[in-house]
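Please examine the structure shown below before reading on.

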Amino acid sequence: MRKYCRIWLQLTRLAIGTYFSNALDYTSYFIGKLVRFGFFLVLIGSLFRFTDSLAGYTKHEAVLFFLTFNFIDVCSQALFRGIYQFRRDIQLGNFDFVLSKPVDPLFYSLSRLTDITDLVFLLPIVALISWTMNAIPALHSLSSILLYAGMLFLGMIIVLGIHIISASVTIWQVESENFIWLYREAMTIGRFPPEIYAAPIQLIFTVVIPIITIVAFPVKAALQVINGKWLAFALIYAVLFLRLSLFLWGRALKKYSSASS
Amino acid sequence: MMLCGKYGAVFLISWQRELEYRFNFVLGRLRNIVTMLLLYFVWVSLTEKTGTFAGYSRAELITYVFGINILRSLILGTQSKQVVVDINEGMFSAYLVMPMSHVLRAFFSELAQRSISFLTAIAEVALFALLLGVTFFVQRDGLLALLFLVSLAMAVALFFALSYLISLLAFWSREALGPRFLFDWVLEFASGAYFPLDILPASVLALVKALPFAGIMYLPLQIYLGRVGPGGAVTGILLQLFWTGITSLIILVAWKRGLRRYTGEGM
C-alpha cells in the first residue's frame, strides 16, 4: 500500500511538471471546463425561469443532481486520466515497458496522469454542493450526508470498473477510442434527475450502463426518496461490477500481443 | 474538372478512412444518440404540464432537438482539429508540397466525414422518431425553407472558417489543443447546440448573439421553425456572411504569417 502511495505521488509530481511546462494548454483546458460548468448552471437557472420544478424536483434539488454529476465526473477524470493515453501506449507498443515495471500495469496505466487542474476544480464544486445542500431543508441531517457520501463512494467504484473495462476493450480492439468517450457522453444522462426519462431508459441506465446508479442514487439517498432495496442493489452491483472488470482486465492481458516497442 | 478530380479524391479517401474502424465509428454515433435522447427527455419533461415551454410548443422543441442532431452531424466536423497535430508534428510539410490548397483539402476531408455522419444522423432521427412516436414541426413556407437551406450552407462555411482559424494557432504555439478545447465548448453553448438560446436571460442572450456562434446552429433552426421572418432570416444570413468573410480574411493573414514561422520540426 505504501509503495503504491509513493508511486502515485511520484507520478502526480511528474504530471504536474508536464502541466507547468504546457501552461497555455492546461490553462485553456481549465478555463474551458469552467466555461462548460458555468454554462450548464446558467442553463438550469434559465429553465427555472419558466418552471418551478423539473420532474418533481425543485431548483436546488435539480442543481444538486448536476453538481453530483460534476463531482464524480471531475474526480474520475482527475484520478483516472491515464486511460486516455492507454490507446496510444497499445498502438505504439509502449505498454510493453509498462508491463516490465515492478508495479501493477493497471494501476500505472490509470494513475500515470493525475490531473491537478481537475483536483483544483473540485474545490468550487464541493463548495457549491455544500451551499446547495444547505439550501435544501431535507438535507440538514447527518444521516443524509452520510448516505450521500457512501453512495458517492460506491459510484466511484463503479466508475473505476468502467475505466478498467475501457482499458480491456482497448487491448482487444485497438481503435476503440470512442468507448471511453461513450461513457463520458452517457454520464451526461446524470446531469438531470432520472425521472425525466421513460421507465425503460431509467432501467437501462441503472443496470446496464449504471449512470443513474453512479450519479442519481447519492442525491436520492440524501433526499431519502429511494428505498433500501435500491441502496443494497447499488452496494452489491458496485462490488460485482468491479470484480467483473478486473476479470475482464485479466483476460485482456492474456490476449495482449505487442504491436512493437 | 481538375478541381473536382483532386478534391474529389480527397473526399473519397477521407470517406474510406472514416469507415476504416467501424466499431469506433458506431461508438461515435452512439455518443450522439445519447446526447439527443437526453435533450429529448429534458424538453418532454418540461412541456408535460402545459404542452409549451418558454414560448415553444412541444413539437417545436422536439424538432429543435432532432434538428440539432442532424445539423451537428452536417456542420460540426473534427478534421480541422487534425491541422493542429499536423503542424506540431511536422506532417504539415507534406501538404505544402501537394498541388492543392490546404484549406480546400481540409474542407473536403471534413465534408467526407460530415457526409457519413449526416446520413447516419438522418437514420438515427428517423428510427427514434418512430420508436418515440414524435411529432415534428414541418416548415411549409417555401421561402423560409429556402432561406433555411441558404443559412445552413453559410453555417457550414462559418464553422469551418472558425475551426480552421483556431487550428492555425499551432503555428505560434505547440499548445494549441487547449485553446481549441475552450473554443469547442464556447461554441457548443453559444451556437444553441444544447438549447434554444432565447431561453437565456436577456443580458446573456445579447452577449451570445454578439458572437458569431449563434449563426452556426441556432439561426438556421430558428428560420426553419418560422420564429424568424424572412426579413430577420436575411439579416441573420448577412451576419453569417459577414463573420465568414472576416474570419476568412484573418485566415489569409494568419496563413501567410504562420508559414513564415513554420519549421516542420518533428518530421
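Which residue takes a positive phi just after α4(A)? That residue is G93(A), with a phi of about 85°. This is a predicted model, in which local features need pLDDT of at least 70 and side-chain atom pairs count only at pLDDT 80 or more, while totals for chains, interfaces and linings use all residues. Residues are numbered from 1 along each chain as its sequence is written, and chains are lettered from A and ligands numbered from 1 in the order in which they are written.

Chain A contains 12 helices and zero strands; helices (H or I, at least four residues) and strands (E, at least two) are DSSP runs, numbered from the N terminus. The radius of gyration of chain A, taken over C-alpha atoms, is 19 Å, close to the 18 Å that the globule rule (2.2 Å times the number of residues to the power 0.38) gives for 261 residues, so chain A is as compact as a globular protein of that length. Along its principal axes, the C-alpha trace of chain A spans about 60 × 40 × 35 Å.

Of the 261 residues of chain A, 39% count as buried, which requires 20 or more other C-beta atoms within 10 Å of a residue's own, the C-beta atoms being placed from the backbone. An α-helix has 3.6 residues a turn, so residues three or four places apart point the same way.

The two chains also meet. Their contact takes 32 residues from chain B and 35 residues from chain A, where two residues are in contact if their C-beta atoms, placed from the backbone, lie within 7 Å. On the side of chain B that touches chain A, α2(B) gives the most, with 13 residues.

The largest nonpolar core has 141 residues; such a core is a set of buried Ala, Val, Leu, Ile, Met, Phe, Trp, Tyr and Cys residues joined through C-beta atoms within 7 Å. Its largest share, 13 residues, comes from helix α7 of chain B, residues 142-167. W43(B) is one of the residues with the most contacts inside the core. Not counting residues up to four places away in sequence, W43(B) touches F53(B), L61(B), I62(B) and V65(B).

Note on methods:
A residue is buried if 20 or more other C-beta atoms lie within 10 Å of its own, exposed if 12 or fewer, and partly exposed in between; C-beta atoms are placed from the backbone.
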